Amino acid sequence: MESKRKIKTKASVLLLVSALFVGMLAGCGGNSSNSDSAEKDNGSNSNQTTTKDDNAPVKFSLFSADPSPNWTGMKDEVGKIITEKTGVTLDAEFAVGDPQQKVALIASSGQYPDLISAKNDISKLVDAGAMLDLTDLIDKYAPNIKKVLGDSMKRARYSDDDHAIYAIPTYAGVDQQNFKVSGGFELQHRAVAEAGYPEIKTVQDYENVIKAYIEKHPTDENGNKNIGLTLNADDWYMYITVTNPAFYTTGSPDDGEYAIDVDTQKVTYHFKRPVEKEYFRWLNHMNDIGLLDPESFVQKYDQYKAKIATGRVIGLIDQDWAYGDGEKALKTAKKFDQGYGHYPVTLSKEYKETSFWPTGFMAGYGIGISKDCKDPVRAIKFLDYLASEEGQVLMNWGVEGKDYNVENGKRVIPKEVSDRKVNDATNFMKETGIGLYQTLGVHYGDGVKDATGNYYTTNFPEQIVTEFNDVEKKTLAAYKVTSWRELFPKEDEFKVRPWGAAWNINIPGDSEIVVLDNKLKDITWKKIPEAILAKPADFDKVWDSYMNDLDKAGVAKAETLREELVKQRVKLWNE
């Protein structure tokens with residue numbers, strides 16, 4: 001039996017097809033200059049046609065739930081070539097502020113961009129009947145997408161009772177090998193060097209380095225106060241630097257706001273784990289001794305990055321894509337010793353840091369085509385070009401002879417290009433477009449080689465090492481490694497999670513868990529800062545109040561509902 005969502009989508013599509021025959025259809029944002037497209041491809045209708053000229057200029061509107069501050073409107077080098085190869089330009093809107101609210105507004109508007117990347121809020125659009133089932137479009141017009149996804153195609157299915165593909169998975173790389181570290185606990189190289197490159201395994205080790213440096217250097221050369229550790233609690237960044245580290249440091253992988261037993265799939269709201277209470281007690285202690293930035297819970301994201309750019313922040317607990325703009329400013333100013341290294345810090349030595357706990361291929365987040373798209377065939381062919389070998393090499397490497405050379409059959413990035421890519425990253429990205437388009441296309445992950453025997457991406461061990469500056473290399477050498485990844489546990493030390501990651505699971509729009517999760521989030525985002533900033537003598541009292549509030553808000557029911565979704569995902573992906 002077809003699901004209600006699929007029936008609703010098909011009904012919407014039939015109405016659109018009928019409208020085409022009477023000439024009433026006006027696409028939301030396609031505005032193709034070629035009028036030869038006689039029919040609108042609906043993903044399930046077998047009478048599909050496309051424009052006579054697949055490279056005729058066409059503009060598609062795009063909404064992405066992720067920000068893209070370096071977007072140039074495809075005026076960068078890579079963007080221009082993509083347009084040349086496909087005829088497509090994108091009129092793109094990227095989320096500013098809360099993407100959930102924006103997706104909800106789009107879903108309720110009844111008018112949809114041609115292409116939509118809604119991440120975990122895709123269900124709002126599916127429930128509204130906004131998204132096309134891409135299954136047939138992929139089968140007929142997207143050989144590259146089919147080739148790259150291969151046996152993982154089934155992971156793109158929407159749910160256990162609706163096997164439609166509403167979004168092709170573009171946020172994860174197929175056959176990904178993790179060579180690069182983006183998170184962990186960060187420390188400035190100069191602080192680690194001054195401490196004599198000590199072992200940095202636990203929060204106490206981490207604290208010792210910061211404390212020693214601040215005691216010796218309470219201010220910078222201009223008399224401004226140095227900061228031991230700052231956190232970014234501005235909106236959803238709260239997850240990244242405040243709450244997620246509680247599970248990374250205590251032996252639980254990233255499954256969003258839930259801890260899930262890899263064997264039994266039993267679900268627990270992760271803050272209820274007693275060991276996480278002790279992690280937040282440590283942050284409370286850091287605040288009490290003056291090493292936690294008192295502005296951590298009031299500063300805005302731009303203020304956070306600007307503060308890092310001053311070089312006064314000794315420690316971070318973040319992902320480099322979030323703090324990177326601040327560090328890039330330091331590198332541009334040649335202040336390399338004020339850049340950061342990544343360390344696998346845990347609450348105590350009994351735990352393994354879990355950043356690299358394997359998930360298998362992570363479908364779920366991706367890009368879809370809306371029912372308002374004027375030419376779905378052109379749209380899927382555009383996405384298929386991005387998935388091609390040529391497209392992937394272009395997006396990752398740039399232009400041959402400018403961004404890389406081929407020497408003895410191997411792609412090589414010239415030193416001056418590599419230096420700009422690392423130390424003038426923002427301007428480099430805006431000019432070249434390298435790194436701007438990855439989440440728009442299905443792609444292979446790091447460590448996969450193309451038909452020429454070269455890696456698809458530039459994130460492979462030999463290249464990563466060339467991008468380190470001399471200060472980074474000196475720090476790594478002190479720990480007898482050549483990359484930060486070598487400091488972290490290997491993936492084969494953990495069991496693969498058969499559900500991928502719980503934060504990646506689509507939640508039905510009518511599920512009570514949506515309301516429950518929001519209630520729990522509101523409580524958590526209030527109580528966690530309160531506990532961290534409390535007097536140490538009051539910490540347990542605040543925590544007990546927090547646990548009581550969770551119980552009253554229905555945390556047990558939320559756990560039960562989430563467990564059902566996890567088990568459905570396991571069935572969907574592994575049947």
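Two strands pair if DSSP finds at least two bridges between them; helices (H or I, at least four residues) and strands (E, at least two) are DSSP runs, numbered from the N terminus. The model is predicted, with local features requiring pLDDT of at least 70 and side-chain atom pairs pLDDT 80 or more, while totals for chains, interfaces and linings use all residues. Residues are numbered from 1 along each chain as its sequence is written, and side-chain values use heavy atoms, without hydrogens or water.

**View 1. The five-stranded open sheet of mixed pairing.** The 5 strands follow one another in the order E2-E1-E3-E11-E4, and the sheet they form is open. Its edges are taken by strand E2 (88-94) and strand E4 (168-169), each of which pairs on one side only. Helix H14 (residues 376-387) packs on this sheet, where it touches strand E1 (58-64) together with E2, E3, E4 and E11. Contact means heavy atoms within 4.5 Å. The direction of H14 makes about 160° with that of E11; angles run from 0 to 180 degrees between N-to-C directions, and axes are lines fitted to C-alpha atoms, for helices over the stretch in contact.

View 2. E1 and E2 run parallel and are joined by 7 bridges. Within this pair, Leu 62 stands opposite Ala 92 of E2. Strand E3 (residues 115-117) and strand E11 (residues 366-369) are instead antiparallel, with 2 bridges between them. Here Leu 115 faces Ile 369 of E11.

**View 3. The contact between helices H14 and H15.** The axes of H14 and helix H15 (residues 389-397) cross at roughly 65° and come within 4 Å of each other. H14 contributes Tyr 385, Leu 386 and Ala 387 to this contact. From H15, the contributing residues are Glu 389, Glu 390, Gly 391, Gln 392, Leu 394 and Met 395.

**View 4. Strand E5 and its two antiparallel partners.** Strand E5 (residues 185-188) is joined to E10 by 4 bridges and to E9 by 3 bridges, the strands running antiparallel in that pair as well. On the E10 side, Phe 185 has Tyr 343 as its bridge partner, and Gln 188 stands opposite Tyr 340. On the E9 side, the bridge partner of Leu 187 is Gly 315. Phe 185 and Leu 187 point one way from E5, whereas Glu 186 and Gln 188 point the other way; all four are buried. Buried means under 20% relative accessible area, exposed over 50% and partly exposed in between (1.4 Å probe, protein chains only).

**View 5. The largest nonpolar core and the surroundings of Leu 229.** This core has 76 residues, and those with the most contacts inside it are Leu 229, Tyr 279, Phe 280 and Trp 282. A nonpolar core is a set of buried Ala, Val, Leu, Ile, Met, Phe, Trp, Tyr and Cys residues joined through side-chain atoms within 4.5 Å. The largest share of the core, 8 residues, is supplied by H20. With neighbours within four places in sequence left aside, the contacts of Leu 229 include Tyr 206, Ile 210, Trp 282, Leu 283, Met 286, Gly 315 and Ile 317. Another core, of 61 residues, lies apart from the largest one and has Val 78, Ile 380, Val 448 and Leu 572 among its members.

**View 6. Two buried residues, Met 238 and Ser 483.** Met 238 is found in helix H9 (residues 237-243) and has a relative accessible area of 4%. Not counting residues up to four places away in sequence, Met 238 touches Asn 232, Ala 233, Thr 243, Trp 525 and Pro 529. Ser 483 belongs to the loop between helix H19 (470-478) and helix H20 (512-533), and its relative accessible area is 11%. Residues up to four places away in sequence again being excluded, Ser 483 touches Phe 468 and Leu 476.
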